Amino acid sequence: MKATVEYVCQNCGARAPKQLGRCPVCGEWGTYEEEVTERVAGSKLIRSTFSNPPQRLHEVTATAETRLNMHNGEFNRVLGGGLVPGSLVLLGGEPGIGKSTLALQVLMQMGSKKTLYASGEESVNQLKLRAERLAGNPENLYIVSETSLEKILSYVSEMKPEVVVIDSIQTIGTESVESTIGSLTQVRECAAMLLKYAKENNVPFLIVGHITKEGSLAGPKVLEHIVDTVLQFEGDPQHMYRILRAQKNRFGSTSELGIFEMRNDGLREVSNPSELLLSNNQEGLSGIAIAAAVEGLRPFLIEVQALVSSAAYGTPQRSSTGFDLRRLNMLLAVLEKRVGFKLLQKDVFLNIAGGLRVNDPAIDLAVMAAVLSSNTDIALDNDICLAGEVGLAGEIRPVSRLDQRIREAEKLGFKKIIVPAGQQLAVQPQGIQIIPVRKVAEAFRTLIQK
Ligand code: TYD
Ligand code: MG
């Protein structure tokens, strides 16, 4: 038995013979930890050992991937139409966001299909208590509390379940390396063993992985390369909405996303997000604007809220929830320079309702409209919504999928939509007035002329 001491970056897996403060590969600080790796005599470390000889491309007959229906619309959608047998899916997210709940619930919805939930974190009793909160009628769901990967795989070989959940990769370990559970070496080795097992036996694994805000904790980056699909479960734990995004998908697109609502009885699929995200500004409050946004491939309307007030102390505060703060600062600078707003002595708070994080640049215009509305204390009409990216010169830039945005707004009963000028539409909608604008100032005139 040969023991080696190495220092391994817990973020990216780079190795060094001595402790380093900053990783020269990924640039993270303080991620190097000592790892003593003992290779157990006789046990082979698993690398790629597929024994299929190379074949001529034109002799290979490709069949479409068969997929396992997960009986959960949002989950199926993000996977690209179901789970591919033999694939490894990593379900990542911060602690407490609902990964275990999602994984258990998905298995509970599989009905009579035989499934296995292996948890290294919770006892069978805890799993049962959680399951009692969730809907579903699993006839063939097996649970086990186990941290040894070898044991889990032997159960899988005996039982032959159709789907296996491992919760979580950081709490299970293999005997083939003698490094502590949760260390990068363990995580990588376990993932490699799971990969080999999954491909050879055509069993899909759903692997839960904790990722902290800084993205540290044993090797998410390393895992991303090994697995077929990386799903990120995110949201604000204080709010009820959760978004499931595909960050990598060998069997589907990465632009799909699933939306869930965390309730007392588990995660509910949200198939029509707009209706939930709009708070129906009946009272005519100022500081609210509605954006026709697209996240992934899905159009939905979201409410942008802004509060502009005189700065109580010397330095004005700018804070943003759900929207990039740097982008907010840029939009505020455009307001100062191009529209003549005096915001230097003002605090600006911005919030996307529902605790969602939106990356779509087309909500720029709604962000500016919300700031305008709060600053002038004039409420915007509640039947108008906006879509447009704003450039540094205050020009409104074209947005993707404009037709879809308009259709969604019309469907939800909006009467007017402000859009970038000059964008061609496939169909001219009937029930909604389209107001094309070139400049921010033009949009503002439309918004506050009554
Ligand atoms: P959990 O799945 O344990 O999160 P993770 O595995 O990502 O760490 O769920 C965390 C939170 O979800 C917990 O605070 C309780 C809440 N929750 C509900 O609101 N409703 C439910 O039905 C369940 C099971 C949990
Ligand atoms: Mg958990």
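Predicted model: local features only at pLDDT ≥ 70, side-chain atom pairs only at ≥ 80, totals over all residues.

**From a loop residue to the open sheet**

Modeller: Q19 is placed in the loop between β2 (15-16) and β3 (32-39). Leaving aside residues up to four places away in sequence, Q19 touches Y7, Y32 and E33. The C-alpha atom of Q19 is separated by 9.2 Å from that of G30, eleven residues apart along the chain.

Another loop residue, H71, is found between β3 and α1 (73-79). H71 is not a glycine, and yet it has a positive phi of about 55°. With 43% relative accessibility, H71 also counts as partly exposed.

The open sheet comes next. Nine strands form it in the order β6-β5-β7-β8-β4-β9-β10-β11-β12, and their pairing is mixed. The edges are taken by β6 (141-145) and β12 (266-269); each has a single partner strand, so one side of each is left without a neighbour in the sheet. On average, neighbouring strands are turned by 25° against each other, direction ignored.

Helix α2 (residues 99-108) lies across β4 (88-93), β5 (115-119), β6, β7 (163-167), β8 (205-210), β9 (229-234), β10 (241-249), β11 and β12, and runs at about 160° to β5. Helix α3 (residues 124-133) lies across β5, β6 and β12, running at about 140° to β6.

The loops on either side of β7 hold two further details. K160 is found in the loop between α4 (149-159) and β7. Its phi is near 50°, a positive value in a residue other than glycine, and K160 counts as exposed because its relative accessibility is 62%. S168 lies in the loop between β7 and α5 (184-201), and the peptide bond from D167 to S168 is cis, with omega near 0°.

Finally, there are the nonpolar cores. The largest has 47 residues, and I363, I418, F444 and L447 have the most contacts inside it. Helix α9 (residues 364-376) supplies the largest share of this core, eight residues. Apart from this core lies another of 30 residues, among them A103, L104, A131 and F233.

Terms used: Residues numbered from 1 in each chain as written. Chains lettered and ligands numbered in written order. Heavy atoms only, no water. Pairing = 2+ DSSP bridges. Helix = DSSP H or I, 4+ residues; strand = E, 2+ residues; numbered from the N terminus. Axes fitted to C-alpha atoms, helices over the stretch in contact; angles between N-to-C directions. Contact = heavy atoms within 4.5 Å. Core = buried A, V, L, I, M, F, W, Y, C linked by side-chain atoms within 4.5 Å. Buried < 20%, exposed > 50% of the residue type's maximum accessible area, 1.4 Å probe, protein only.
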